[in-house]
Amino acid sequence: MVTFRLEERERTSYPLALISPLIAVFISLVLAGLLIILAGANPVQSYYELMKGAFGSKNAFAETLARATPIILTGLAASIAFRAKFWNIGAEGQLYFGALATTMFGTGLIVLPSILMIPFLFIMGALAGGLLLLPLVLLKLYYKVDEVVTTLLLNFVVVLLVSYLLEGPWKDPMSLGWPQGKSVVDSGILPQILAKTRLHLGFVIAVFTALSIWLIMNKTIIGYQIKSVGSNASAASHSGLPIFKTTLIVALFSGGMAGMAGVTETAGLKGYLTLDLSPGFGYAGIAVAMLANLNPLGVIFSGIFLASIYVGADAMSRAMNVPTYLADVIVGLTVLSILLSLIFINFKIKFIGNRDND
Amino acid sequence: MIEFFEIFLTAGFWAATIRIACPLILATLGEVLCERAGVLNLGIEGIMSIGAMVGWMTVFLGADLYTGILAALIIGGVFGLMHAIFTVYLGASQHVTGIGITMLASSLGFFIFKLILPASTTPPKIKPFQPIDIPFLSDLPFFGQALFQHTPFTYLAIVAVIFAFWLMNSTPLGLSIKMAGENPMALEAQGIDVFLVRTIAVVLGSAFMAVGGAYLTLSAFDAFYFGMINGRGWIAIALVIFASWKPERALLGALLFAGLDAYQVRAQQLAGAVIPYQFFLMMPFVLSIIAMIIAAKRTRYPKALLVPFRRGERH
């Protein structure tokens, strides 16, 4: 019986590590291309329409970067958490908590000049996202309650809470019956950075955040501790690393960045809170982080790539009559194919002639 | 206040409890099978979703209801096989694989649904499973309506519990599955292929999940909606922990949980004016988190859960 086993490579080859996301993307585009054929369209032309819809004009490009903004932030949230093997799948809920904080503090309760108001809203949003995660990380640390399930379940609770607030006490009386929050005050609105487009300051803040996280992860002790806890928790514990403190910090950072994504959407893109503020940005962040191999700088590029798929899919759908759900299929395929390529980077596959002789 | 207690005395409440429990029972059993073999399957939410779609679509396109269940079973098995290839044979992260499978399975289901029915504003309907009349039993007062006026799919879900119980406790395969999740080295030492045992468990478990999804479109409702799984898969994962990875306890946990859910729907009708409906809808998710906290003290995970097995490696 011919069988195989995986042997860890002694050292990873860097060129291989760099091209692996490209290979993963290529595989998922080819597989999704089969679905385009199934839909009766030409895949090459469809992808052309998709890219044109995402990058074909100044407006399209600006829209892609605007869409990338929250995805980069939730991607960072996932990348820092997954690096420490803390499975925060709750970025969606944390994003909405950040949006709730923006609505609470940004719609008239406190009015400061822009230069203070905008940082204030981001701090409040980040705090809200982190605080939502705090009870769950404490439950994990004290009682070993699995964070995967609790973070996932809390997403549903938060969305229902937002629904209640927007239909009830926080509903904007001026909104003519639509469930939406009051508008963020003028000094809190993130300014446009490209005239006549929806691209706003949030994108710059997201990129800046990615750079900061990269610095923290690579140039500070806490970054080293986070990586150690993730790569081997028991060894890290034996060598005296503070697992408890590190996990807590990771959770606050992770939830905080997802909360910031809620700020960019509320104070940047829309100007007010709605129930459809996030069409799954929290979950898209997981794909972004994986595609970037959890590298914070890579998250910028994988975030823009995923945003281009989402933005371009609308144009492709109109032109080619392919359902827009193709974008989500591509994202799902990308997560799986990146796992596949990671395995081939980190392991050698060794075929064994006969298992009994092994 | 008395009307809040009277809810328990209505046969409709008990019938609804069983109806709500069925998809959870099937999904929880499926996850129990996977996790007992050492594989966390976070693909559950997406597998339920595509199972609901495929089951419904098969019937919509002209097949009978049982063929619909079979189609869901097969698509669940296919995604289970994909999960197993990644996590069992290639040793990829079970967390990320599961999330990826959920993303892929649910979006693929939506894509195919839109492809076949591009412009349906009102979801088209099928004729779902109808309650069957059991001579004498169905006519009993109270118990007749509560227990014996259900659809064949409901009884099938109960049979699934018995099957899973028998499989885990009375068959060599069940023993191997449990060993694969506790001590895979010992299993290999007996000359049994750990990879194969784990793969069988994940494929079978995923098929259960998809059938649980199909219960929603073929028995509980008559149409497929986007997002109709609505976290039931994640709730099932919490129930697995609550049920200590045992099929019979999964049944009890799902029934208890469904009972609370059926109760809140009825209480909502009584208190709807006072308490906003969103708080009632939160209940299942809050209860699941509470259940996990309660279970945390006695939780004993399968020892090899999340640990990829590699041949020829000494731990």
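Colleague: Helices (H or I, at least four residues) and strands (E, at least two) are DSSP runs, numbered from the N terminus; with that settled, where is the place of A:Leu31?

Modeller: A:Leu31 belongs to helix H1 of chain A. Keep in mind that this is a predicted model, in which local features need pLDDT of at least 70 and side-chain atom pairs count only at pLDDT 80 or more, while totals for chains, interfaces and linings use all residues. Residues are numbered from 1 along each chain as its sequence is written, and chains are lettered from A and ligands numbered from 1 in the order in which they are written.

Colleague: Where does H1(A) bend?

Modeller: H1(A) bends by about 35 degrees at A:Ser20, with the proline A:Pro21 following within four residues; the bend is the angle between axes fitted to the seven residues ending at a residue and the seven starting there. Just after this helix, A:Gly40 has a positive phi of about 85 degrees.

Colleague: Changing topic, how many helices and strands are in chain A?

Modeller: Chain A contains 13 helices and two strands. Its radius of gyration (over C-alpha atoms) is 22 Å, close to the 21 Å that the globule rule (2.2 Å times the number of residues to the power 0.38) gives for 358 residues, so chain A is as compact as a globular protein of that length. Of those 358 residues, 53% count as buried.

Colleague: What about the secondary structure of chain B?

Modeller: Chain B has 13 helices and zero strands. The radius of gyration of chain B is 20 Å, close to the 20 Å from the globule rule for 315 residues, so this chain is also as compact as a globular protein of that length. In chain B, 49% of the 315 residues count as buried, and the C-alpha atoms fill a box of roughly 65 × 45 × 45 Å along the principal axes.

Colleague: How many residues does each chain give to the contact?

Modeller: The contact takes 40 residues from chain A and 40 residues from chain B. On the side of chain B that touches chain A, the largest share, 13 residues, comes from H5(B). By class, that side has 26 nonpolar, eleven polar and three charged residues, with Ala, Val, Leu, Ile, Met, Phe, Trp, Tyr, Cys and Pro taken as nonpolar, Asp, Glu, Lys and Arg as charged, and the others, Gly among them, as polar.

Colleague: Which residues have the most contacts inside the largest nonpolar core?

Modeller: A nonpolar core is a set of buried Ala, Val, Leu, Ile, Met, Phe, Trp, Tyr and Cys residues joined through C-beta atoms within 7 Å. The largest one has 219 residues, and those with the most contacts inside it are A:Leu326, B:Leu26, B:Ala210 and B:Leu239. Helix H10 (residues 194–220) of chain B supplies the largest share of this core, 15 residues.

Note on methods
A residue is buried if 20 or more other C-beta atoms lie within 10 Å of its own, exposed if 12 or fewer, and partly exposed in between; C-beta atoms are placed from the backbone. Two residues are in contact if their C-beta atoms, placed from the backbone, lie within 7 Å.
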